[in-house]
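Let's take a friendly walk through this model and see how its chains meet. Have the sequence and the 3D view at hand as you read.

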There are 2 protein chains.
Amino acid sequence: MGSQAETEGYLPLSESTFFILLSLATSPKHGYAIMKDVQQLSRGRLHLSTGTLYGALKRLLEGGWITQIEEKSLPPTKRMRRAYALTAQGESILLAEIARLWELLQAAEERGFAKD
Amino acid sequence: MGSQAETEGYLPLSESTFFILLSLATSPKHGYAIMKDVQQLSRGRLHLSTGTLYGALKRLLEGGWITQIEEKSLPPTKRMRRAYALTAQGESILLAEIARLWELLQAAEERGFAKD
DNA sequence: CCTTAATATGTCGTATGACGACATGTTTTT
DNA sequence: AAAAACATGTCGTCATACGACATATTAAGG
């Protein structure tokens, strides 16, 4: 039981959200680094606009999917670099989404769209 | 080359659209039959509301992803059964979406989320 | 027969989220 | 010193999912 039941209601993830979570799964990053990483992850296909990115980060924080990491070593400036990390909740949701994607492809295979 | 270049701009498909196209890929169906079929395809996970379904069908018709099939054998009533079929364009887009889903899972695998 | 369930199609309002445009600040490189 | 890259954010618009509501037709059961 546990994680699966609690995560199902949040699916499907948008493509942006999927890549943001996947990017943070490897290591914590700040916004700009996520943007660059997602471009690589998607082989250049997805270019997150800042509107999408920071809007998404705000939502993910509010939902507890990610947390903010303090960077106390840096002096406080007006625009602070804020690093984000995936929470256990966020990872559960990402895993559930990956499972969902497999199900979509299984459904496609059942209808004759083989993995070729 | 053909279909791929023209279809890229339409991705990602929403989950609803993906299942509607996949359902019509097997055989033409009318709206209600699509609704039932999608429930099976998604193993009961996705229940299309009529608002989503008929809204999507309208959009897909306008975009030329599906066409309407005449059922002239039936007498004309106020609420006609309208059957829909996938067009070549629609099938190209579905194939492109399936390829995109594979890419998402490949990206997940690259980051350590193995298939199992 | 008649009534109920299943089949079938549609509209409307609301909420979410992607995205481009705009705005601004900081660090590194030339 | 200037320019490029790094970095964070807001705002308005558009697309679309979805539940609620409305209605019509056909099949099945009592």
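Why does B:Arg45 count as partly exposed? The reason is its relative accessibility: B:Arg45 comes out at 34%, so it is classed as partly exposed. Please keep in mind that this is a predicted model.

**Salt bridges between the chains**

A:Glu103 counts as partly exposed because its relative accessibility is 31%.

Now turn to a pair in another setting. A:Glu15 and B:Arg100 make a salt bridge with 2.8 Å between their closest N and O atoms.

B:Glu15 is classed as buried because its relative accessibility is 11%, and A:Arg100 is buried because its value is 7%.

The salt bridges named in this report are listed here:

| Salt bridge | N to O distance |
|---|---|
| A:Glu15 and B:Arg100 | 2.8 Å |
| B:Arg43 and A:Glu110 | 3.1 Å |

A network of salt bridges links A:Glu15, A:Arg45, B:Glu97, B:Arg100 and B:Glu103. Over all chains the count is 14 salt bridges, and 8 salt bridges are found across the interface of chain A and chain B.

**The interface as a whole**

How many residues does the contact take from each chain? It takes 30 residues from chain A and 30 residues from chain B. Between the two chains, about 2,900 Å² of area is buried, and carbon and sulfur atoms give 67% of it. On the chain A side, the residues that lose the most area to chain B are A:Trp102, A:Arg111 and A:Phe113, which together make up 24% of what that side buries.

Polar contacts between chain A and chain B come to 8 residue pairs. In chain A, α2, α3 (31–41) and α5 each supply at least two residues of the side that touches chain B. Of these, α5(A) gives the most, with 15 residues. Sorted by class, that side of chain A has 16 nonpolar, 3 polar and 11 charged residues.

**Strands within chain B**

Finally, look at strand β3 (residues 83–86) of chain B. B:Ala83 and B:Ala85 point one way, B:Tyr84 and B:Leu86 point the other way, and all are buried. Strand β1 (residues 29–30) of chain B pairs with β3(B) in the antiparallel sense over 2 bridges, and B:Lys29 has B:Tyr84 as its bridge partner there. Strand β2 (residues 66–69) of chain B is also antiparallel to β3(B), with 4 bridges. In that pairing, B:Thr67 is partnered by B:Ala85.

Note on methods:
Residues are numbered from 1 along each chain as its sequence is written. Chains are lettered from A and ligands numbered from 1 in the order in which they are written. This is a predicted model: local features need pLDDT of at least 70, side-chain atom pairs count only at pLDDT 80 or more; totals for chains, interfaces and linings use all residues. Side-chain values use heavy atoms; hydrogens and water are left out. A salt bridge is a side-chain nitrogen of Lys or Arg within 4 Å of a carboxyl oxygen of Asp or Glu. Buried means under 20% relative accessible area, exposed over 50%, partly exposed in between (1.4 Å probe, protein chains only). Contact means heavy atoms within 4.5 Å. Buried area is the accessible area (1.4 Å probe) that two parts lose on being put together, summed over both. A polar contact is a pair of N or O atoms within 3.5 Å; within protein, one must be able to donate a hydrogen and the other to accept it, and residues adjacent in sequence count only if both atoms are side-chain atoms. Ala, Val, Leu, Ile, Met, Phe, Trp, Tyr, Cys and Pro count as nonpolar, Asp, Glu, Lys and Arg as charged, and the others, Gly among them, as polar. Two strands pair if DSSP finds at least two bridges between them.
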